[in-house]
Amino acid sequence: MALTNFPNGISSFGLPVYGSSSDAPPLTATVLWVDTVNGVDAGSGNGPNNPFQTLTYALTQIPSTGLGTYATIFVMQGSTVTISSATSLLLNVANVAIIGLGTGTQRPVFAYTTANTAAIPVSAANVTVRNIRHTGGFLSIARAYTVTAAGFTLDGCSFVDNSGVLNFLNIVNCTGAANTADRLTVTNNTWKGLGTTSVNSLVLSANDIDQLNVSGNFVDSANTTDAAWITITAGVLTSAQISFNRTYRKNTATTAGALVSVGGTTSTGIVSNNYCLTLDSSSPLLFVVTTGLAGFENYVSGAIALSGILTPPNV
């Protein structure tokens with residue numbers, strides 16, 4: 001991108017600089033733009049006035065060597081990317097941040113359709129997806145993201161089921177071997193779950209994860225048979241941070257934990273400042289204390305009308 005000259009100077013009441021805020025990734029050698037409405041998969045794609053049309057094409061334009069391999073792709077507001085299969089969008093380029101522009105309903109949409117196997121595979125390290133709306137448009141979509149690489153970040157996104165039968169079951173499913181999804185970060189997301197018949201989790205893995213960070217998320221789920229919000233079926237968590245989440249889920253049994261269920265007993269990390277509603281009126285449980293995780297200032301309720309109680313209790 002060429003430098004811009006202002007021979008007569010410039011006046012501005014504010015100059016927005018992408019990558020300058022504390023929660024934004026720094027801009028890197030490659031900066032690309034995508035607009036699925038007005039873009040064309042040709043040219044440079046180096047600005048909002050000449051964007052590419054597809055995210056898939058933009059990913060192919062990232063250099064394979066040099067500083068340009070560190071890339072930021074801005075997706076313009078009003079754009080829609082259809083996810084109709086497990087190959088519609090492949091996040092197989094490392095060190096890429098995909099940033100949606102716009103606010104509210106103007107944010108870009110990843111629309112899941114056609115099959116319950118529709119998903120976005122993440123097979124390259126250090127991929128970030130931020131400020132994208134995700135809509136569930138098929139029955140019991142097994143997962144939104146299939147993660148088999150380290151350093152994936154999902155931040156500031158929303159997930160919405162289109163109806164009680166057009167819905168997500170899980171958001172992030174880590175399917176690789178132990179520690180392939182280390183440093184997984186799921187922060188500041190919302191999930192409006194309308195599905196009522198199948199168990200679901202925000203994060204699902206069968207193996208160990210180191211440095212998992214699940215913080216600042218909110219979920220409102222109509223399902224009465226939800227699994228734990230974070231389910232590690234056979235592995236352990238090490239150096240985990242699970243904090244400041246808010247869950248409104250109508251699961252009636254929480255024997256394995258409403259928030260965290262871990263298969264092993266040697267986990268390490270902090271579970272703190274979480275508020276969780278369940279409909280387990282007998283013994284609502286946030287997580288099993290024998291997992292090795294340490295809890296601080298967590299509250300769980302077993303009925304909508306009751307205030308949450310501190311758990312695990314200090315005795």
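User: How many residues has the largest nonpolar core, and which have the most contacts inside it?

Analyst: The model is a predicted one. Its largest nonpolar core has 62 residues. Those with the most contacts inside the core are Leu-91, Phe-110, Tyr-112, Tyr-145 and Leu-154. Apart from this core lies another, of seven residues, including Val-31, Phe-74, Met-76 and Ala-97.

User: What makes Tyr-145 count as buried?

Analyst: Buried means under 20% relative accessible area. Tyr-145 has 0% relative accessibility, so Tyr-145 counts as buried. Its place is in strand β9, residues 145-147. The C-alpha atoms of Tyr-145 and Ala-119 are 5.5 Å apart, although the two residues are 26 apart in sequence.

User: Which residues is Leu-154 in contact with, leaving aside its neighbours within four places in sequence?

Analyst: Contact requires heavy atoms within 4.5 Å. By that rule Leu-154 is in contact with Val-129, Tyr-145, Phe-159, Ile-171, Val-172, Thr-185, Val-186, Thr-187 and Asn-189.

User: Is Thr-128 buried or exposed, and how do you know?

Analyst: The limit for buried is under 20% relative accessible area. Thr-128 stands at 15%, so Thr-128 counts as buried. Thr-128 belongs to strand β7, residues 128-130. With neighbours within four places in sequence left aside, Thr-128 is in contact with Val-96, Ala-97, Ile-98 and Thr-153.

User: Why is the pair of Trp-33 and Phe-74 called tilted?

Analyst: Two tests apply. The centres of Trp-33 and Phe-74 are 4.9 Å apart and their planes are at 40°, so the pair is tilted. Both residues are buried.

User: What does the pair of Trp-33 and Phe-74 tie together?

Analyst: Trp-33 lies in strand β1 and Phe-74 in strand β2, residues 71-75, so the pair ties together parts that are 41 residues apart in sequence.

User: What makes the pair of Tyr-275 and Tyr-299 edge-to-face?

Analyst: The name edge-to-face needs planes over 60 degrees apart, and the centres must lie within 6.5 Å. Here the angle between the planes is 80° and the distance is 5.8 Å centre to centre, and the pair is edge-to-face. Tyr-275 is in strand β25 (residues 275-277) and Tyr-299 in strand β27 (residues 299-301), so this pair ties together parts that are 24 residues apart in sequence.

User: Why do Tyr-275 and Tyr-299 count as partly exposed?

Analyst: Partly exposed lies in between the two limits, with buried under 20% and exposed over 50%. Tyr-275 has a relative accessible area of 44% and is partly exposed. Tyr-299, at 29%, is also partly exposed.

User: Which residue lies over the face of Tyr-275?

Analyst: Arg-246 does, at 3.8 Å from the ring centre. The distance limit for a charge over a ring is 6 Å.

User: How many aromatic pairs does the whole structure hold, and which residues form a cluster?

Analyst: A search of the whole structure finds six aromatic pairs. Tyr-112, Phe-159 and Phe-168 form one aromatic cluster.

User: What makes β1 and β26 edge strands?

Analyst: Ten strands, written 10 in the count, form an open sheet with parallel pairing, in the order β1-β2-β4-β7-β10-β13-β17-β21-β24-β26. The strands β1 (30-34) and β26 (294-296) each pair on one side only, and these are the edge strands. On average, neighbouring strands of this sheet are turned by 10° against each other, direction ignored.

User: How do you know that β24 and β26 pair?

Analyst: Pairing takes at least two bridges between the strands. Three bridges join β24 (residues 269-272) to β26, and the two run parallel. As an example, Ser-272 has Phe-296 in β26 as its bridge partner.

User: Why is one side of β6 and of β23 left without a neighbour in the sheet?

Analyst: These strands belong to an open sheet of six, in the order β6-β9-β12-β15-β19-β23, with parallel pairing. β6 (120-122) and β23 (260-262) stand at the edges with a single partner strand each, so one side of each has no neighbour in the sheet. Neighbouring strands here are turned by 15° against each other on average, direction ignored.

User: How many bridges join β12 to β15?

Analyst: Four bridges join β12 (residues 170-174) to β15 (residues 201-205), again with the strands running parallel. Asn-170 has Ser-201 in β15 as its bridge partner.

How values were computed. Residues are numbered from 1 along each chain as its sequence is written. This is a predicted model: local features need pLDDT of at least 70, side-chain atom pairs count only at pLDDT 80 or more; totals for chains, interfaces and linings use all residues. Side-chain values use heavy atoms; hydrogens and water are left out. Axes are lines fitted to C-alpha atoms, for helices over the stretch in contact, and angles run from 0 to 180 degrees between N-to-C directions. Rings of Phe, Tyr and Trp (its six-membered ring) pair if their centres lie within 6.5 Å; planes under 30 degrees apart count as stacked, over 60 as edge-to-face and the rest as tilted. Buried means under 20% relative accessible area, exposed over 50%, partly exposed in between (1.4 Å probe, protein chains only). A charge sits over a ring if NZ of Lys or CZ of Arg is within 6 Å of the ring centre and within 35 degrees of the ring normal. A nonpolar core is a set of buried Ala, Val, Leu, Ile, Met, Phe, Trp, Tyr and Cys residues joined through side-chain atoms within 4.5 Å.
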